[in-house]
Amino acid sequence: IFVLFFAMERLLTETISAEDLKGFERRFEEETKRSDSSSSSVDSSTTFSYAWALIRSHFEDDIRKGIDFLENLCLANRGKDQRDFLFYIAVAYYRMEEYSKAL
């Protein structure tokens with residue numbers, strides 16, 4: 001039980017360095033440019049990784065941007081992975097202390 005508690009606390013409080021966030025952003029932007037030049041779209045795992053990085057930011061604007069990405073993933077992947085996306089949306093709202101939305 002204690003292990004689960006500490007794992008959850010880490011998940012809710014862990015932050016990302018600006019340098020690491022830039023790395024995720026760069027990868028997302030590169031894939032976006034590639035998908036613009038072809039008819040494919042950005043891979044959902046790349047989008048999720050960037051969204052997860054954003055919600056670990058110190059800045060509320062980044063967290064909100066991460067929520068937007070996760071909500072779009074929910075809409076695009078009904079059933080498939082949707083539970084995980086919703087979980088991380090709740091984590092993001094918790095981090096912004098918007099507890100009623102986190103529920």
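These notebook entries record what I looked up in a predicted model.

**Ground rules**

I work from a prediction, so local features need pLDDT of at least 70, side-chain atom pairs count only at pLDDT 80 or more, and totals for chains, interfaces and linings use all residues. I number residues from 1 along each chain as its sequence is written, and side-chain values use heavy atoms, with hydrogens and water left out.

**Entry 1: α3 against α5**

I began with helix α3 (residues 44-55) and helix α5 (residues 82-95). Helices here are DSSP runs (H or I, at least four residues; strands are E, at least two), numbered from the N terminus. Axes are lines fitted to C-alpha atoms, for helices over the stretch in contact, and angles run from 0 to 180 degrees between N-to-C directions. I read an angle of about 20 degrees for α3 and α5, with the axes 10 Å apart. That makes α3 roughly parallel to α5. The cut-offs are under 35 degrees for roughly parallel, over 145 for roughly antiparallel, 65 to 115 for roughly perpendicular, and oblique for the rest.

The crossing of α3 past α5 is left-handed, meaning that the near helix is turned anticlockwise from the far one by less than a right angle; clockwise would be right-handed. I listed the contact (heavy atoms within 4.5 Å): α3 supplies F48, W52 and I55, and α5 supplies F85, Y88, V91, A92 and R95. By class I get 7 nonpolar, no polar and 1 charged. Ala, Val, Leu, Ile, Met, Phe, Trp, Tyr, Cys and Pro count as nonpolar, Asp, Glu, Lys and Arg as charged, and the others, Gly among them, as polar.

**Entry 2: α4 against both**

Next I took α4. Its axis comes within 7 Å of that of α3, and the two cross at roughly 150 degrees. α3 is therefore roughly antiparallel to α4. This crossing is left-handed. On the α3 side I noted S44, T47, F48, Y50, A51, L54 and I55; on the α4 side D62, I63, K65, G66, I67, F69, L70 and L73. The classes for α3 with α4 are 10 nonpolar, 3 polar and 2 charged.

For α4 and α5 I read an angle of about 160 degrees and axes 9 Å apart. α4 is therefore roughly antiparallel to α5. α4 passes α5 in a left-handed crossing. The α4 residues in contact include I63, I67 and L70, and those of α5 include F85, Y88 and R95. I count the classes as 11 nonpolar, 1 polar and 3 charged.

**Entry 3: aromatic rings**

A pair of aromatic rings is described by the distance of the centres and the angle of the planes. The rule I used pairs rings of Phe, Tyr and Trp (its six-membered ring) with centres within 6.5 Å; planes under 30 degrees apart are stacked, over 60 edge-to-face, and the rest tilted. It gives 8 aromatic pairs. In one of them, F28 and Y50, the centres are 4.9 Å apart and the planes at 25 degrees, so the pair is stacked. F28 sits in helix α2 (residues 18-37) and Y50 in α3, 22 residues apart, so I note a link between distant parts of the chain. F28 and Y50 are both buried, that is, under 20% relative accessible area; exposed is over 50% and partly exposed in between (1.4 Å probe, protein chains only). I also found one aromatic cluster of F48, W52, F85, F87 and Y88.

**Entry 4: single residues**

T47 is in helix α3 and is buried at 9% relative accessibility. Leaving out residues up to four places away in sequence, T47 touches F28, V42, F69 and L73.

I found R56 in the loop between α3 and α4 (60-76). R56 is buried, with a relative accessible area of 11%. With residues up to four places away in sequence not counted, R56 touches E14, T15, I16, F24 and R95.

The loop between α5 and α6 (99-102) holds E97. E97 is exposed at 58% relative accessibility. Its phi is near 65 degrees, a positive value in a residue other than glycine.

E98 lies in the loop between α5 and α6, but counts as buried at 18% relative accessibility. Apart from neighbours within four places in sequence, E98 is in contact with R64 and Y93.
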